[in-house]
Structures are given as C-alpha cells and as structure tokens.
Amino acid sequence: MTDEQSIHATGIEERMSERIFQKYGRGAAEHGGNLWDHDELWLIEAALDEVADLATYLETLKEKIKEKRSAAN
C-alpha cells in the first residue's frame, strides 16, 4: 500500500468509525436492550432490512448518475 492509499484508508476508517458509533446509538434507542440479547431471527430480519435499504439507495443513486450523464450529453 502506498502512503497515499494508507492516508485514504485511514480517513475512511475514521469516518466509518464515527458513523457506526452514531448509528449504533440510534439503533439502541429505537430497539432497546443489548443487540446481543436479541433473538437470532430478529437479528437476521433486521440485517435483511438494512440490505434492502442499501439496495434501494444504490439503485436510486445509479439512476441519478445515469440521468445526470444523459443530461450532460
């Protein structure tokens, strides 16, 4: 890894660490209790909901990029 890549990776790690901490706090407030105390099937369902959100966001972002590229041409 180059120095430039190392700096880039460290920046990503720092930003994601803060984001995870904030998201964890929101989830704890919303769902209550300890994450590790939740039922295994609940954890799977919650994770699948997050995956569905991710897919929705990525597809929407892709559409917006395509629209901007079409408008630019």
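Is Lys-23 buried, partly exposed or exposed, and what is the relative accessibility behind that label? Select Lys-23 and look: at 41% relative accessibility, Lys-23 counts as partly exposed (buried means under 20% relative accessible area, exposed over 50%, partly exposed in between, with a 1.4 Å probe and protein chains only).

Before you go on, note that this is a predicted model, where local features need pLDDT of at least 70, side-chain atom pairs count only at pLDDT 80 or more, and totals for chains, interfaces and linings use all residues. Residues are numbered from 1 along each chain as its sequence is written, and side-chain values use heavy atoms, with hydrogens and water left out.

**The whole chain**

Zoom out and colour by secondary structure: you will find 2 helices and 0 strands (DSSP runs numbered from the N terminus, H or I of at least four residues for helices, E of at least two for strands). The radius of gyration is 18 Å, well over the 11 Å that the globule rule gives for 73 residues, so the protein is more spread out than a compact globule (the radius is taken over C-alpha atoms, and the rule is 2.2 Å times the number of residues to the power 0.38). Its C-alpha trace spans about 50 × 35 × 20 Å along the principal axes. Of the 73 residues, 1% count as buried.

Glu-50 is partly exposed, at 42% relative accessible area.

**Along H2**

Next, select Glu-59 and Lys-62, whose side chains form a salt bridge at 3.5 Å, N to O. Both lie in helix H2, 3 residues apart, about one turn of the helix. An α-helix has 3.6 residues a turn, so residues three or four places apart point the same way. A search of the whole structure finds 2 salt bridges.

Now move to the start of H2, where a side-chain oxygen of Asp-39 reaches to within 2.9 Å of the backbone nitrogen of Leu-41.

**The loop**

Finish at Leu-35, in the loop between helix H1 (3-31) and helix H2 (40-72). Leu-35 is partly exposed, with a relative accessible area of 42%.

Terms used. A polar contact is a pair of N or O atoms within 3.5 Å; within protein, one must be able to donate a hydrogen and the other to accept it, and residues adjacent in sequence count only if both atoms are side-chain atoms. A salt bridge is a side-chain nitrogen of Lys or Arg within 4 Å of a carboxyl oxygen of Asp or Glu.
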